[in-house]
Amino acid sequence: MFAQLLSLKRSKWLSYFVTITFVLLGMSMLTAAQDERPWSINLGGGYTPLVGKISNRLDNGWNMKVGGEFNVTRHFSIGPRFSWNGLGVSRGVLNEAKVPGGDSHVWSLTADPRLRLAPFHHLNPYFVGSVGYYRRVLEFTQPTLESVLVVDPFFGVFQSFVPADQVLRRITRNSLGGGGGFGFDFGLGHRMSNARLYTEARYEYAGTGSIPTRMIPLTIGIRF
């Protein structure tokens, strides 16, 4: 059985997200017996379509989000959120740059206020906003081979090569941004009295260069 130590970007960020997820889940389990808490944790992911001029340059992608919120009143809460949107690069842009491949992503750290409305049957609708820091990264790449360390119980430790992407050029744009949207959540039963499934859609804008970032992340997640 082989155990390869790889340093691929997407695997690295996914491992960070999974680690944060289990840490926050552990924290929530410690207080699961409480009926009312002054704070909650939310984890989610989904699809990220782009809108505006940026949709002609980059391809739609996916998102992962982790955050928390403090209940100021029964209907209003606010807290931090970290979001990662993995995007592609259009073939037209790659042809212009004369490169074989590319990758892009947008991450943000924001403060998110949430206004809960009156319940409708078993659903709890709400309005949500965000304001904070956005960073858009575009990388042009080409295929290459990367040296990795392989540990094998029979042959010992040796070096091997695996396919990887070599970054030819990286373009970053930073900006303040924000947005807003609508969503709803509902409880998952008495055994998980503090857990609620939620789904939401947001419009987000960041003035990242001459072509701003406009996207509408669609997210499904769980709130503890």
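Which residue forms a salt bridge with Asp185, with the closest N and O atoms 2.9 Å apart? The residue is Arg223, where a salt bridge is a side-chain nitrogen of Lys or Arg within 4 Å of a carboxyl oxygen of Asp or Glu. This is a predicted model, in which local features need pLDDT of at least 70 and side-chain atom pairs count only at pLDDT 80 or more, while totals for chains, interfaces and linings use all residues. Residues are numbered from 1 along each chain as its sequence is written, and side-chain values use heavy atoms, with hydrogens and water left out.

**Overall make-up**

- The protein has two helices and 10 strands; helices (H or I, at least four residues) and strands (E, at least two) are DSSP runs, numbered from the N terminus.
- Along the sequence, these elements follow the pattern β-α-β-β-β-α-β-β-β-β-β-β.
- Of the 224 residues, 39% count as buried; buried means under 20% relative accessible area, exposed over 50%, and partly exposed in between (1.4 Å probe, protein chains only).
- The accessible surface comes to about 12900 Å², and 65% of it belongs to carbon and sulfur atoms. Accessible areas come from the Shrake-Rupley method with a 1.4 Å probe, and for residues only the protein chains shown count as cover.
- Among contacts between residues at least 6 apart in sequence, 63% join residues at least 24 apart, a contact being heavy atoms within 4.5 Å.

**Strand pairing around E2**

- Strand E2 (residues 39–48) pairs with E3 in the antiparallel sense over 10 bridges; two strands pair if DSSP finds at least two bridges between them.
- E2 also runs antiparallel to strand E10 (residues 218–223), and six bridges join these two strands.
- Gly45 has a bridge partner in E3, namely Met64, and stands opposite Ile220 in E10.
- In a regular strand the side chains alternate between the two faces of the sheet.

**Salt bridges**

- Side chains of opposite charge can pair when their charged atoms come close.
- The count of salt bridges comes to 11.
- Asp185 and Arg223 make one of them. This pair links distant parts of the chain, with Arg223 in strand E10 and Asp185 in strand E7, 38 residues apart. Both residues are buried.
- Asp185 also meets Arg196 in a salt bridge, at 3.2 Å from N to O. Asp185 lies in strand E7 (residues 156–187) and Arg196 in strand E8 (residues 196–206), so the pair ties together parts that are 11 residues apart in sequence.
- Asp185 has a relative accessible area of 4% and is therefore buried, whereas Arg196, at 25%, is partly exposed.
- A further salt bridge joins the side chains of Arg202 and Glu200, at 2.7 Å from N to O. Arg202 counts as buried because its relative accessibility is 5%, and Glu200 counts as buried because its value is 6%.
- Salt bridges that share partners join Glu69, Arg114, Asp185, Arg196 and Arg223 into one network.

**A nonpolar surface patch**

- Val72, Phe76, Ile78, Leu115, Phe127 and Phe182 form a nonpolar patch on the surface, with about 520 Å² of accessible area together.
- Patches are made of residues with over 30% relative accessible area and no salt bridge; like charges are joined within 9 Å, and nonpolar side chains (Val, Leu, Ile, Met, Phe, Trp, Tyr) within 5 Å.
- Val72 sits in the loop between strand E3 (58–71) and strand E4 (76–89). Val72 counts as exposed because its relative accessibility is 54%.
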